[in-house]
Every structure is written in structure tokens, then in C-alpha cells.
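Let's take a friendly walk through this structure together. Have the sequence and the coordinates open as you read.

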Amino acid sequence: MRRNTITMLTGLLLAVTAGLVSAEIASYKAIPYAQAPVGDKRWTVVQDVVWDGTSHSAEFSASCPQPRYGLGVSKEQSEDCLFLNVWTPDKAGKVPVMLWIHGGGFRAGSGNIPGELIAQEGVVVVSFNYRLGALGFMSHPSLNSKVANYGLTDMVSALRWVNRHIASFGGDPQNVTIFGVSAGAMAVNLLMVNDDAQGLFHKAIAQSSYTTWPLWYTKDTHRNQRYWDGSPVKRAEDEASKLLVAAGLATTTRESLKALDVQKLVDGQQGFQIPIVDGTSIKAEPARLFMSDAYQPKLDAYIVGANSYEGSVLPGTGIQLSDFTSWISNYLDEAKAVYADDYDHKPDIAYQRLFGDLRYLTSASLTMKAMTHKGIPTYAYLHDQPLAKDGDHVLGAPHGSETGVMLGLYFKAT
């Protein structure tokens, strides 16, 4: 088994902050890559936009509708948000391409990143927005759609744009790496098993993915799948109905759904958005497919990893700590023993750490084993900078912190 610890994330930061790289980077922002998903096109698979070679801006586009928090989220938000950004060190070259997929629980975030930091390493960097929350992931009978993951189809559209146009920015369309964190890493893994995305990228980096976590299922794909505690996994149509009630929608026709005020939809949602197994755009949890004999990835290389204190994310998931401990009630004594230092400090921290390890480190381990078993050159990392503490108790590197290092948000361990 091939296991290499990588220092790419911190090494990049050190090089940039030490002034070791100083390439002139050209940036092109707010390039449309797909039709605006507004009006009748809300909750549809929108068509690609073929770039005219001139449409771009010096400023980022509006962010997709979401709660107003997170890295780089614009104050301006709009459903007309399907734009991407490009940073290139050499417009006349033929250099590797890295396409960043932002995290945020599939409910928040944006492609508004300091892409020039990574581009200074000699790659063309692309970032983009994709539909979030229920606008991006929804199954409801009134929509009469076989596809429930509209945000994922946006990602495939962005990849097609890269395939068509990135050579104009000095990028090599035959050397494209997709990389992302958290929901963005989960998106990386979902694209690895999405039929329409095959051949559009060649390498993949998943930073804190959760490929083993149960997804929602539609009524057509639900086969009595179960959570850890034995309860059935959620049906997407049921979750959509709950959200629409919370958004104040009395009748659920196609027309009323299309006319629903987007802010009410955003405000009605709690916790992260879960992708949906619809049998078309997503056929199962990625880990299930990775471990199956039928899955044969066409990847030149794969990097996977996580942080040492992933459990920091628990409060943002919408899952209550009491619910989680009830799921693992048969294993609480083992958790006390394994996480003894945390437990002696505060039991809640021990359980949070277990949550993070189950959700992210387990996923990284199983995915790594599956890829190496299939002969894919695979590299693993663990980010363990002591960036989080509780009093004198060192917690480690919280969820998403390796991205903060990579994008220059942390300059030294504290």
C-alpha cells in the first residue's frame, strides 16, 4: 500500500509568504459558464455557455443564495450565479490546471478565493460557483425530474468549460486536477463516480471528504438503507416537503415552486445540505462505488486526507451532540478509552472528535485503500497543526484549517 505524507498545503504557504515565488498572475473573473438558473430554469439542468472570449470582470460575481457566512461570500447574492474565475501565470503556455471546488456543507461558500497564491506555483487555477442548498439539491414530485443534484450538474458544466476554453489561458486541458475541501471534497468524489464527468479531469484531491456518510435517497432509489443506529436513511422528498413548509409554501405545484421567494427557501433550511441518490447523477455513496469491482477510475493520481480535529464541524452540521451519542450508545465505553485525554478534559470534546474521525478520517482511510487496491497512485496526508485549543488542552487542526493554511489565512501555528 502506498502512503505518503504530503506537505503541499503548508509548503505552498511558506513559499508565498517567504517571497520565493513572484510570478505575474493574470486574473479573469465572473466568466459565465452556464445559463442563469432563474425563472423556468430553476431546478433544471441548465445548458452550457460557450465563452465569447471577452466576457469577464475584474470583480467576482454574485454568490449563490445562502446564509451570509463563509470565506469570500459576496454581500451580493443572486440565483444568477453560475460564473467562474481563472488565474494564469502564463497565458501563452501549456501548464497544469487545478479546478477548486469550495466547501460549505453544500449550503454555503463561493469561488471567491485568492487564486493567485496557488497560480504562483505554476498552474492555471479555476474556481466557480454552483447552486447551493435546496436550489442545488432537491427532489420533489412537482418538479418531475430524474435529476435531483443540480449543483453537481453545474460542476460538470464548469468542467466542460475548462475542457473547451482553458487552452486560451495557457492551461493544458489534458492535465486537469479537481480539488476541494469538505463538501468540495465530497463533490470531488461524487464527480469521480459521475458518468458525465468522466474524461474531463485527470487527477483528484479530496480534503476532508465524507464518502462513507449516508446520503438522502429518492423514493425510486430508497431500499431501506439504514443509519448507524438502525433508523432508515432519509427520503429526499420528505426532506423537501419539510423545508417547503418551513419556507411558508402552502401549495406545492411546479408553478409555486418556481415562484417561491429564494430568501424564504434559504431561511427555512437548517444544517448542511445532503446530496441525493437519484439513480442518475448520483447512484450511491462514493465509498460504496469505490469499493465495488465495477468501478474502475481513470485517474493519473489521487490525494486524500483530513485534519486531526475534524470534530470541530459538528455544531454546523445540524446534528445535535445528544443525537450523535445516542447513535453510538453501544460504543461509549470504547470512545472513553480511545479518546481518554479528551474525555478527561471534557467528554463533549471526546465525542466531537469521534464524530469527526468517523465522518472524515474513516472516509479518507477507506477511499485510500480502495484507490490503491485499484492501482491508482495514491497519497495520504494528515494535517495536525495545533491551531485549535480549549484552554491549555490542544485540540489540533480543526475542520477546513488546511485550506486556511493553503489560502494564507493562517501564517503560523498557535
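With a relative accessibility of 22%, Asp390 counts as partly exposed, where buried means under 20% relative accessible area, exposed over 50% and partly exposed in between, using a 1.4 Å probe and protein chains only. Setting aside neighbours within four places in sequence, Asp390 is in contact with His345, Lys346, Ile349 and Leu395, contact meaning heavy atoms within 4.5 Å. Lys346 is 44 residues away from Asp390 along the chain, and their C-alpha atoms are 9.5 Å apart.

A word on what you are looking at: this is a predicted model, in which local features need pLDDT of at least 70 and side-chain atom pairs count only at pLDDT 80 or more, while totals for chains, interfaces and linings use all residues. Residues are numbered from 1 along each chain as its sequence is written, and side-chain values use heavy atoms, with hydrogens and water left out.

Now step back to the whole chain. It has 15 helices and 12 strands, and its C-alpha trace spans about 60 × 55 × 45 Å along the principal axes. How does the radius of gyration agree with that of a compact globule? For 414 residues such a globule would have a value near 22 Å, and the chain has 21 Å, which agrees; the radius is taken over C-alpha atoms, and the rule is 2.2 Å times the number of residues to the power 0.38. Of the 414 residues, 58% are buried. Among contacts between residues at least 6 apart in sequence, 77% join residues at least 24 apart.

The accessible surface comes to about 17,300 Å², with 51% of it belonging to carbon and sulfur atoms; these areas come from the Shrake-Rupley method with a 1.4 Å probe, and for residues only the protein chains shown count as cover. As for charge, there are 35 positive and 40 negative side chains, and the centres of the two sets lie 4 Å apart. Lys and Arg count as positive and Asp and Glu as negative, with His and the chain ends not counted; each charge is placed at NZ of Lys, CZ of Arg, CG of Asp or CD of Glu.

Inside, the largest nonpolar core has 86 residues, and those with the most contacts within it are Phe106, Trp161, Leu191 and Met192. Such a core is a set of buried Ala, Val, Leu, Ile, Met, Phe, Trp, Tyr and Cys residues joined through side-chain atoms within 4.5 Å. Helix α14, residues 347-373, gives the most to this core, with 9 residues.

Asp357 also lies in α14, and at 15% relative accessibility it counts as buried. Beyond its neighbours within four places in sequence, Asp357 is in contact with Tyr339 and Thr362.

Is helix α5 enclosed or exposed? All 10 of the 10 residues of α5, residues 183-192, are buried, so the helix is largely enclosed by the rest of the structure. Met192 is one of these buried residues. Away from its neighbours within four places in sequence, Met192 is in contact with residues including Phe201, Phe290, Tyr302 and Met371.

Finally, look at two backbone angles. Trp43, in the loop between β1 (26-32) and β2 (83-88), has a positive phi of about 55 degrees although it is not a glycine. At 2% relative accessibility, Trp43 counts as buried. Asn144, in the loop between α3 (133-136) and α4 (150-165), has a phi near 50 degrees, a positive value in a residue other than glycine. Asn144 counts as exposed, at 72% relative accessibility.

How values were computed: Helix = DSSP H or I, 4+ residues; strand = E, 2+ residues; numbered from the N terminus.
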